[in-house]
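Reader: I would like to see how the labels attached to a model follow from the values behind them. Please take the terms one at a time.

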Amino acid sequence: MIAPTALMLEKSTFTGNAAATNVSLSDPALALWREWQTAHRLTERLCRRQQRLETRLVESVGFPCVTVRVSEGEDVTVHSIEALNELLGRRPDMAALRQKAEAGLTAHQARWDEAAEETGYIAALRAERKAGDRAEDLLEAFSMTPATTLAGVAGKLDAVLREGEPWEECSEFPWSQIRSALSDLVRIAQPAMPEQFFADERRPPASQAGGLAAISAPERRR
């Protein structure tokens, strides 16, 4: 998780400034960004919870698997029936070994499933997927939602950058170009339209934000 690098929220997010609030209400892209931001942050929280529960499952039960000793005397661990069939094939002389391995893998999977349900891992996984689907739907809606303010344009760029960038400060095309465009947009718009943008004292290092304030969200995925 890393701090976002450029987007500035309008003052109304924190101060309730009437002019800025009117700007927000008049820009469907900015309203959409706020919805996406909420869904995005929820997805991140649920992802972290699901990962913590999965770690406990791995430590207590282990990923479902079975170890098979093949004819060469080598021990091979497989994690699915498909992998087991690929390893042993359908040869008659492997039938007993395959049956024993399948039974072991099935039993291990049953222990995993039971523990996953009891610990809340399954529920957490479902909740994460639901939130992620919601965030993805909102992200797709950006392409059909015109911005009417520069803050709305910045919101679109911010969402694309935070969702799509493989890692922080990725230098591959088009991420460095998007960061640069977002930085330029905020730098140019803030002095001219202070009702849409604000300077937040909780800013990341200049190397990360080009001297710009961070978005209200303290984290972003990846």
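Author: The answers below set values against definitions.

Author: This is a predicted model, in which local features need pLDDT of at least 70 and side-chain atom pairs count only at pLDDT 80 or more, while totals for chains, interfaces and linings use all residues. Residues are numbered from 1 along each chain as its sequence is written, and side-chain values use heavy atoms, with hydrogens and water left out.

Reader: What makes up the protein chain in terms of helices and strands?

Author: The protein chain has eight helices and two strands. Their order along the sequence is α-α-β-β-α-α-α-α-α-α. Helices here are DSSP runs of H or I with at least four residues, strands are runs of E with at least two, and both are numbered from the N terminus.

Reader: Why is helix 2 called roughly parallel to helix 6?

Author: Helix 2 (residues 28–60) and helix 6 (residues 150–164) pack at an angle of about 30°, and their axes are 8 Å apart. That angle makes helix 2 roughly parallel to helix 6, because angles under 35 degrees count as roughly parallel, over 145 as roughly antiparallel, 65 to 115 as roughly perpendicular and the rest as oblique. The axes are lines fitted to C-alpha atoms, for helices over the stretch in contact, and angles run from 0 to 180 degrees between N-to-C directions.

Reader: Which residues of helix 2 and helix 6 meet?

Author: From helix 2, Ala-29, Leu-30, Trp-33, Trp-36, Gln-37 and His-40 meet residues of helix 6 that include Gly-152, Gly-155, Asp-158 and Arg-162. Contact means heavy atoms within 4.5 Å. By class, this contact of helix 2 with helix 6 has six nonpolar, four polar and four charged residues. Ala, Val, Leu, Ile, Met, Phe, Trp, Tyr, Cys and Pro count as nonpolar, Asp, Glu, Lys and Arg as charged, and the others, Gly among them, as polar.

Reader: What makes helix 2 and helix 5 roughly antiparallel?

Author: Helix 2 and helix 5 (residues 121–141) pack at an angle of about 155°, with axes 8 Å apart. Helix 2 and helix 5 are therefore roughly antiparallel to each other. The contact of helix 2 with helix 5 divides into 17 nonpolar, four polar and five charged residues.

Reader: How do you know whether Cys-47 is buried or exposed?

Author: Cys-47, in helix 2, has a relative accessibility of 17% and so counts as buried. Buried means under 20% relative accessible area, exposed over 50%, and partly exposed in between (1.4 Å probe, protein chains only). Across the protein chain, buried residues make up 39% of the 222 residues. Cys-47 and Gly-132 are 85 residues apart in sequence and 9.2 Å apart in space, C-alpha to C-alpha.

Reader: Why does Arg-90 count as exposed?

Author: Arg-90 has a relative accessible area of 62%, so it is exposed. Arg-90 lies in the loop between helix 3 (81–88) and helix 4. Not counting residues up to four places away in sequence, Arg-90 touches Asn-85 and Arg-98.

Reader: How do you know that the pair of Phe-63 and Trp-112 is stacked?

Author: The count comes to two aromatic pairs. In the pair of Phe-63 and Trp-112, the centres are 5.3 Å apart and the planes are at 25°, and the pair is stacked. Rings of Phe, Tyr and Trp (its six-membered ring) pair if their centres lie within 6.5 Å; planes under 30 degrees apart count as stacked, over 60 as edge-to-face and the rest as tilted. Phe-63 lies in the loop between helix 2 and strand 1 (66–69) and Trp-112 in helix 4 (residues 95–119), so the pair ties together parts that are 49 residues apart in sequence.

Reader: What makes the pair of Trp-112 and Tyr-121 edge-to-face?

Author: The ring centres of Trp-112 and Tyr-121 are 6.2 Å apart and the planes are at 80°, so the pair is edge-to-face. Phe-63, Trp-112 and Tyr-121 form one aromatic cluster. Trp-112 is buried at a relative accessible area of 8%, whereas Phe-63, at 40%, counts as partly exposed.
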